[in-house]
Amino acid sequence: MGKRRWGSKNRPKSDTNIVITNAINRSKTAKDLTTHSMKKIKRTIGFLVVPPFELLDLTGPIAVFSNLNFVEGNQLLYETKILSSKRSRFVTSADGSLMGPATYYSDYEGSLDTLLIIGGMGALQPITPALGAWLRERAKRVRRIGSIC
């Protein structure tokens, strides 16, 4: 199947069709833009987990960043780190599932591009003063900070 070129008369009616067509065809222009904008820099995404958490709130975003590595030719563009508010090698979800390996948040010395706080019942509890101070300090040194709930 050849590449489809859209003239002004036969252009699809919705932007969705264009996006799907580009994703299927992986046009050279789209690939060049992605490669150029990413510059092949490995970015570390930290997930701060306060157990018990909702499993999907952690596994979904980890899957998104992990799958981006495969989209870009199996290059390690994103590395994910699970940071825990409790000293344990694993974090426990609300349904009892364990995820790991986890690092106690204050023991993590690496840099982070993005810090995402994972929601759940644990996130409804007041944070410790030490965790609050760590979050304020880290917020100054990360490109993005957010929460998933």
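Which residues are linked with Arg43 in a network of salt bridges? The network joins Arg43, Asp113, Arg143 and Arg144. A salt bridge here is a side-chain nitrogen of Lys or Arg within 4 Å of a carboxyl oxygen of Asp or Glu. The structure holds eight such bridges.

The model is predicted, so local features need pLDDT of at least 70 and side-chain atom pairs count only at pLDDT 80 or more, while totals for chains, interfaces and linings use all residues. Residues are numbered from 1 along each chain as its sequence is written, and side-chain values use heavy atoms, with hydrogens and water left out.

The protein contains four helices and seven strands. Both are DSSP runs, numbered from the N terminus: helices are H or I with at least four residues, strands E with at least two. From the N terminus the order is α-α-β-α-β-β-β-β-β-α-β. Of the 149 residues, 34% are buried. Buried means under 20% relative accessible area, exposed over 50%, and partly exposed in between (1.4 Å probe, protein chains only). Contacts are heavy atoms within 4.5 Å. Among contacts with a separation of 6 or more, 70% join residues 24 or more positions apart.

In soluble globular proteins, nonpolar side chains tend to be buried together. A nonpolar core is a set of buried Ala, Val, Leu, Ile, Met, Phe, Trp, Tyr and Cys residues joined through side-chain atoms within 4.5 Å. The largest core has 16 residues, of which Phe47, Leu58, Ile82 and Val91 touch the most other members. Two or more residues each come from β1 (43-49), α3 (55-71), β2 (78-84) and β6 (114-118). Beyond its neighbours within four places in sequence, Leu58 contacts Phe47, Val49, Phe53, Ile82, Val91, Met99 and Ile118. Another core, of twelve residues, lies apart from the largest one. Its members include Leu48, Leu83, Tyr105 and Val142.

Strand β2 also carries Tyr78. This tyrosine is buried, at 11% relative accessible area. Tyr78 and Thr44 are 34 residues apart in sequence, yet their C-alpha atoms are 5.8 Å apart.

Side chains of opposite charge can pair when their charged atoms come close. Asp107 and Arg87 form a salt bridge at 2.8 Å, N to O. Asp107 sits in the loop between β5 (102-104) and β6, and Arg87 in the loop between β2 and β3 (91-92), so the pair ties together parts 20 residues apart in sequence. Asp107 is partly exposed at 40%, whereas Arg87 is exposed at 58%. Glu137 pairs with Lys140 at 3.8 Å between the closest N and O atoms. Glu137 also meets Arg141 in a salt bridge at 3.7 Å, N to O. Glu137 is partly exposed at 37% relative accessibility. Lys140 is exposed at 66%.

Pockets were located on a 1 Å grid over the protein atoms alone. A pocket is an open set of points where a 1.4 Å probe fits, with protein on both sides within 12 Å along at least five of seven lines. Lining residues have an atom within 4 Å of a point. The second largest pocket holds about 170 Å³ of space, the volume being that filled by probe spheres set on the points. Its lining has 13 residues, with Val50, Ser85, Lys86, Pro126 and Thr128 nearest the centre. Eight of the lining residues are nonpolar, four polar and one charged.

Key. Ala, Val, Leu, Ile, Met, Phe, Trp, Tyr, Cys and Pro count as nonpolar, Asp, Glu, Lys and Arg as charged, and the others, Gly among them, as polar.
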